[in-house]
Amino acid sequence: MLIGEARRSVNSDRRPVGVDGAMVPGRALRPRTKVLPEHARTHNRSLVLQSLYRDGRASRADLARETGLTRVTISDLVGELIAEGLVVEVGQRDDARPGKPAVLLDVNRAATQIVGVDLSEHAVFRGAVLDIDGAVLRSAEVELAGSRGEEAVAKVLALVDELVAAATAPILGVGVGSPGIVDATGTVVAAPNLGWTDEPLQRRLAERTGLAVFVANDANVAVLAEHGFADAQGDMMLVKVGHGVGSGLLVAGALVFGSRFAAGEIGQVMVGTDDGAQGPYDREKCLEAWLAVPRLEAKAAAATAAGDPVEPVLRQAGQRLGVALAPIVGALNLSEVVLSGPDELLAGTLLDAVRETLQNRTMAGFHSDVTIGMTSQGRDIVLRGCVVMVLSAQLGVS
């Protein structure tokens, strides 16, 4: 079936995340080598698409050299991808070499679009229609206004309906980044801030839209954007600060999920020893109590109202985050830590305090060169991560 034949059916028969998509534990995001014959065709299609998507225009001979596949195999795969509308010929190469000029190929970047939805902010649900390079084409948002439970789900469904209607090309898939713990089926196991427990959000959206839908934890989706669009290292951690605090982990180029899909849930970890080493667990002394956007904004506003400087509030929050991150950086020997959230709160004083605390609490020479900074993806990081998630699940491209 050609990609332009039906907007609502593009690759809708492909298997969901957790089977062969981006959200597979231990699966490297970017295929680079040949595999066994029984897996070869799907994998080799991904190799060709990955090469064109990341490196741009190339000839059939270029693709053979890049992927290690034979020219016959490349010719066969390219013909198939052109017939499906996924790859296009874009003209001949201009060079002085003898013989017939090579015909250049590229991914058909205008042939399909992706719907991305970000549920992680504390005041609004945001969504967009994006192209496969992560550019926002249309956007929409809905005020959360304290909605929880089924009322919050209804707002997600309505937002996705609006975005699907706004698309101007076949939709490759819908990606959703949700706060909380999300399992391999796209069920939100627990999102306390939204009042969700075992909410089958992926299934409900797929049934409503008839499209391929992929729901994952917002921090895991955000780390996909950092890896896909910012060339982040394969051993990194992204800390997502919003309504709550979570993180996404990449180790050896693969996402880390944990045995119960709760890897990276650092927001509920107690930080510091204010009550001594035997102090009982107290949610009011967990990382989110210092760092979640509503808490941080309230503390900053209280300091301003009292005529006190805001910097000590931000510095203390950064120190607490550094305390939480130090054992993770030490255990995994990460090369990069990236923060995502409001620049006015996180950049500057808070980020400096994270950097200083990490340096003080990790072994010099082994962890002191870890890069710590703000994301370059801005507020749209989860939306752009949805693009990577859908591309990886549907086409094996990231």
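**Exercise 1. Burial and overall make-up**

Task: Work out what share of the residues of the protein counts as buried.

Solution: Begin with the residue count of this predicted model: the protein has 398 residues, and 52% of them count as buried. Finally, turn to the contacts with a separation of 6 or more: 65% of them are between residues 24 or more positions apart.

**Exercise 2. One face of a helix**

Task: Find which residues of helix α5 are buried, and explain why they line one face of the helix.

Solution: Start with the residues of α5, which runs over 201-209; L201, Q202, L205 and T209 are buried there. Then look down the axis of α5: the buried residues fall within an arc of 100 degrees, so they line one face of the helix. As a next step, ask what this face meets. The buried residues of α5 pack against α4 (149-166) and the strands β6 (171-178), β8, β9 (196-199) and β10 (213-217). Last, step past the end of the helix, where G210 follows with a positive phi near 75 degrees.

**Exercise 3. A closer look at A317**

Task: Decide whether A317 is buried or exposed, and list its contacts beyond its sequence neighbours.

Solution: First place the residue: A317 lies in helix α9 (residues 311-332). Its relative accessibility is 0%, and buried means under 20%, so A317 counts as buried. Then leave aside the neighbours within four places in sequence; A317 is in contact with W290, L291, L296 and L350. Take W290 from that list: 27 residues separate it from A317 in sequence, yet their C-alpha atoms are 5.2 Å apart in space.

**Exercise 4. The second largest pocket**

Task: Describe the lining of the second largest pocket, starting with how many residues it has.

Solution: Begin with the space itself, a volume of about 410 Å³. The second largest pocket is lined by 24 residues, and G180, P192, V245, E265 and E288 lie nearest its centre. Next, sort the lining by type: nine residues are nonpolar, 10 polar and five charged. To finish, trace the lining back to the strands: β8 (188-191), β11 (236-241) and β12 (245-251) each supply at least two of its residues.

How values were computed. Residues numbered from 1 in each chain as written. Predicted model: local features only at pLDDT ≥ 70, side-chain atom pairs only at ≥ 80, totals over all residues. Heavy atoms only, no water. 1 Å grid on protein atoms, 1.4 Å probe; cavity = no way out; pocket = protein on both sides within 12 Å on 5 of 7 lines; lining within 4 Å. Points joined across faces, edges and corners; volume = space filled by probe spheres on them. Helix = DSSP H or I, 4+ residues; strand = E, 2+ residues; numbered from the N terminus. Nonpolar A, V, L, I, M, F, W, Y, C, P; charged D, E, K, R; others polar. Buried < 20%, exposed > 50% of the residue type's maximum accessible area, 1.4 Å probe, protein only. Contact = heavy atoms within 4.5 Å. Arc of directions from axis to C-beta.
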